[in-house]
Amino acid sequence: MYNALLMERFAKETPPQDKITLLRHLKDINDLRNNRDSGIEAGQEQAALEVANRIAFYAKERGAKAIIIFSSTKNRATESAELVREKLRSIDHHLKIILSPSVYLSDLDHGEFILPENYVSGDHHDILQIAWDAFIMESFTENNPNYRYGDPIVKEDGTAKYSELVGQFTRFGESQIDSNIRIYKAIVNGYENRDRIFPKNILSIVLTHSLVYAILKNLSIVAKRVRKENFNFKKGTLYKVCWDVYNNEKESQHKSQYGDFLEIPIDLLEDKKFVGLLKEEITFFEEEAMK
């Protein structure tokens, strides 16, 4: 049954059909084992119900015959999608709900790291903060988009740029450009298969992580500039352009919370010129990797 008060509030912010609806996953368990791939915390039925009420309202307003939830393949995302689907069915058992996990929407791969022997769920692991600081420094200050999370950067003389990271990872994680290229490919795929992926009679929800959420948001801002200001950038620098957008607007940007929604204009992410620039970025880095 629909919650009347929620419906009244959602009615004031219903996104038009020409927007992509993003949803951040529910709160996950703070456990660093299993390569940071924990599920969601128990007791989030009410949070999931509010998310479901909002989605159900959008579906009703648009006359959608079904709802498809594209999600990351990480446990916290797939479990969030399953719980939201359960609540959607409790609201309207006639709704057809499809879950479609995709690696393109996954969070940054943090590699495989060594935890202290006395580690217990919920503990903070300082090495991961050091690794994250190094990742940001290398990716954006040192302009090294191929730097992989956790890499100490051992030099020829045997010394390491980030000595605290030596021996802490059995496998390094993704680079900044690895995660960005995945998202670029998802947008290009959406552009080339618009009618199949975002059909008018199906409500599409993208359930993902804060990193992907932020990248898509910043890409939409750059896309708007490309469309309205004929903005351009040097090949191989879009990831940095988006970082600059984030830094310039972070004071005014709302930091996403668990279960947050964000609507992005689909016409901006599917602008022909912008998609062409994304394809150029993909080609640039794929050719760089082959050298």
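User: How far apart are the end C-alpha atoms of helix 8, and what should its 20 residues span?
Analyst: This is a predicted model. At 1.5 Å a residue, the 20 residues of helix 8 should span 28 Å. The end C-alpha atoms are 28 Å apart, which agrees.

User: Which residues of helix 8 are buried?
Analyst: They are Val212, Tyr213, Ile215, Leu216, Lys217, Asn218, Leu219, Ser220, Val222, Ala223 and Val226.

User: And what follows helix 8?
Analyst: Asn230 does. Its phi is positive, near 55°.

User: Salt bridges next. How many are there?
Analyst: The count comes to eleven.

User: Which residue does Glu229 pair with?
Analyst: Arg225. The closest N and O atoms of Glu229 and Arg225 are 3.4 Å apart. Both residues lie in helix 8, residues 210-229. They are four residues apart, about one turn of the helix.

User: Is Glu229 buried or exposed?
Analyst: Exposed, because its relative accessible area is 53% and the cut-off is over 50%. Arg225 has 30% relative accessibility, so Arg225 counts as partly exposed.

User: What about Asp107? Which side chain does it meet in a salt bridge?
Analyst: The side chain of Arg76, at 2.9 Å from N to O. That pair links distant parts of the chain, 31 residues apart. Asp107 is in the loop between strand 3 (96-101) and strand 4 (112-113). Arg76 is in helix 4, residues 75-91.

User: Are those two buried or exposed?
Analyst: Asp107 is buried, and Arg76 is buried too.

User: How far apart are the closest N and O atoms of Glu86 and Lys87?
Analyst: 3.9 Å, and the two form a salt bridge. Glu86 is partly exposed, at 47% relative accessible area. Lys87 has 15% relative accessibility, so Lys87 counts as buried.

User: Which residues are linked in a network of salt bridges?
Analyst: Asp109, Glu112 and Arg171 are.

User: New topic: Gln176. Where does it lie?
Analyst: In helix 6, residues 176-192.

User: Buried or exposed?
Analyst: Gln176 is buried, because its relative accessible area is 7% and buried means under 20%.

User: What does Gln176 touch, not counting residues up to four places away in sequence?
Analyst: Gln176 touches Phe135, Ser139, Phe140, Pro145, Tyr147 and Tyr239.

Notes
Residues numbered from 1 in each chain as written. Predicted model: local features only at pLDDT ≥ 70, side-chain atom pairs only at ≥ 80, totals over all residues. Heavy atoms only, no water. Salt bridge = Lys/Arg side-chain N within 4 Å of Asp/Glu carboxyl O. Helix = DSSP H or I, 4+ residues; strand = E, 2+ residues; numbered from the N terminus. Buried < 20%, exposed > 50% of the residue type's maximum accessible area, 1.4 Å probe, protein only. Expected span 1.5 Å × (residues − 1). Contact = heavy atoms within 4.5 Å.
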